[in-house]
Amino acid sequence: MAFAPHPLDRHRAALPLEPDPLDKGGQGVVNRVLGPENLVYKEYMPQAGQVNGAALAELVEFGHRQTAAEVRALLDQCAWPVARVVNGGQVTGFLMPHVPKDFYGMIGGKPKLVELQYLLYEPNWAWQDLHQPDIDGRLEIATLAAKLIDLLHTHGWIVGDLSFRNLLWRPGRPYKVCMLDCDGLRRHGAEPVLRQAHTPDWNDPHQPSSGPELDTDRYKLALLIGRVLSRTASVRPGDEPALLPGLPDHVVTAVRELFTRAQGPRGTRPIAAEWVQALVGRKRIAVTRPPRPQTSVPTGPAAPIHLPGSGRVGVPVSRPAPGSRPSLSQPPSLPPTERSWTPVSPLSGPTAPAGDGNRRQHVSRIDGHAICRLPVAQGPVCSQPAPLAPPPAPVSGTPAQPIAPLAAAAALPTLGQRVVASDTYAEQRRLAPRGGVVDDDEVARLIDHLAAGSGRDSVATIALLLTDTADRTVLLMRALKNLLNVEQTDVIMLKDGDRTVELNVRLLEEQFLEEDEP
């Protein structure tokens, strides 16, 4: 993989490091960086494998976005990389904040990080003095963990190796949780920084050989919640969890129901938001979708990831000519049974190699409470609106004839029209709390507008096409996310500080069209 410099990179030779490492594991060595920034440096070992510098750069960039409260909330709970470290044209590791003192406790007579494992066993002599939460505290910690996974999935991140070793909890009220090893996170459908490890006895029996995915996280979240609330390190979905006494009856019922569902195949497991609703005692609406077909992929360290829907044969379509994007401000002039369809071409995305199967080696556990903010180089992101094609000149001589219903039936619908006609979209329309802000014709035209180009466009351009303000267009795009982002997958995203809209057409087809096609 060719090296590409990043404006936030730090040079290895310029880091003032303490001589003695804080910790050493299977992937890297962690050293404290001297100075006021309170950072540590994780340097990858040669045996860790090829470093995906682009994936690490994306993690760093995300950590420096300060436009959304949700991003700030996420960074307060995660050990997020703040800068890559480079040496001689290679990425050697990254910088991250030191773990806050809140997450240390006296274990074996020494201050150590308080990992989730200390909630899964009866206290022994080494940590008998460590604070143990009551059942309400355990419920609060489990809820915080579910909210964190829900937030990560909302932003399109897959954890992969979720376990009792990479999640910390504050030993005392107010309870907090912190996720570690965040360089192990990856984007949904993208490559990880390194081959993703796994923790024994925290494996997903239905994980595809291509590696962890959203459903893998959902299974492991069920493991986490069931084990914390029962103080049993070995219970799995399919077993009856012996929940600790003191939980409200409605929470017990909901947890047992979701724990049972979690043993199912991919596509049927409860999402993180359902766990949050169950643990806080809210009325839940189960998201049930048919299991997705599983594709056999050769195992091994370089097993490729086959993205959902990547092997499907699509309907042959053609791309509109440049400058002919559909107008969002004008509704179709024909009734639904007499529309002439404009087919568009779905975008393609790269498949990504990845692998799993490496036994986890414990590395230093770092949290991201007070992240050092480095300057971010930004460029212009708003593009000029694409010129609209002029209306065709009328043909003289013969009066216009209405389109025959039979001819319309034989034509191909656009991608947007196929999406809004799907069963999944109808279910999303029913469940989305703010979906009524945007109507179906507008949704279809917006999908076709984005898919006809590069899959992304500026909010300013879309606002002009909608004949609306940029602020109102951002609100409209957020409502559209409620409709199209099924099960927290980022089908449509607002990026660059809510200045750019991006559509992942491959995921759109997977979520809305895959199950409707023969």
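**Close-up views of a predicted model**

**View 1. R165 and E115 meet in a salt bridge.** Their side chains come to 3.1 Å, N to O. A salt bridge here is a side-chain nitrogen of Lys or Arg within 4 Å of a carboxyl oxygen of Asp or Glu. R165 lies in the loop between β9 (157–158) and β10, and E115 in the loop between β8 and α3 (135–154), so the pair ties together parts that are 50 residues apart in sequence. Helices (H or I, at least four residues) and strands (E, at least two) are DSSP runs, numbered from the N terminus. E115 is buried at 4% relative accessible area, while R165 is partly exposed at 21%. Buried means under 20%, exposed over 50%, partly exposed in between (1.4 Å probe, protein chains only). This is a predicted model: local features need pLDDT of at least 70, side-chain atom pairs count only at pLDDT 80 or more, and totals for chains, interfaces and linings use all residues. Residues are numbered from 1 along each chain as its sequence is written, and side-chain values use heavy atoms, with hydrogens and water left out.

**View 2. E213 forms a salt bridge with R266.** The closest N and O atoms are 2.5 Å apart. E213 sits in the loop between β13 (197–198) and α4 (214–230); R266 sits in the loop between α5 (249–261) and α6 (272–280), 53 residues apart. Both are buried: E213 has 11% relative accessible area, and R266 has 9%.

**View 3. R12 and E43 meet in a salt bridge.** The N to O distance is 2.6 Å. R12 lies in the loop between β1 (10–11) and β2 (23–24) and E43 in strand β4 (residues 39–44), so the pair links parts 31 residues apart in sequence. R12 is partly exposed, at 26%. E43 is partly exposed too, at 27%.

**View 4. Strands β7 and β8 form a hairpin.** The strands, residues 104–107 and 110–113, run antiparallel and are joined by four bridges. Two strands pair if DSSP finds at least two bridges between them. Y104 has L113 as its bridge partner. On β7, G105 and I107 make the covered face, and Y104 and M106 the uncovered one. Two residues separate the strands, and G108 takes a positive phi near 65°.

**View 5. Confidence is lowest in strand β14 (residues 304–305).** Its mean pLDDT is 32; pLDDT is the predictor's confidence in each residue, from 0 to 100. Strand β10 (residues 167–169) is highest, at 97. Residues 283–327 have pLDDT below 50. Where pLDDT is low, the predicted coordinates should not be read in detail.

Methods
Contact = heavy atoms within 4.5 Å.
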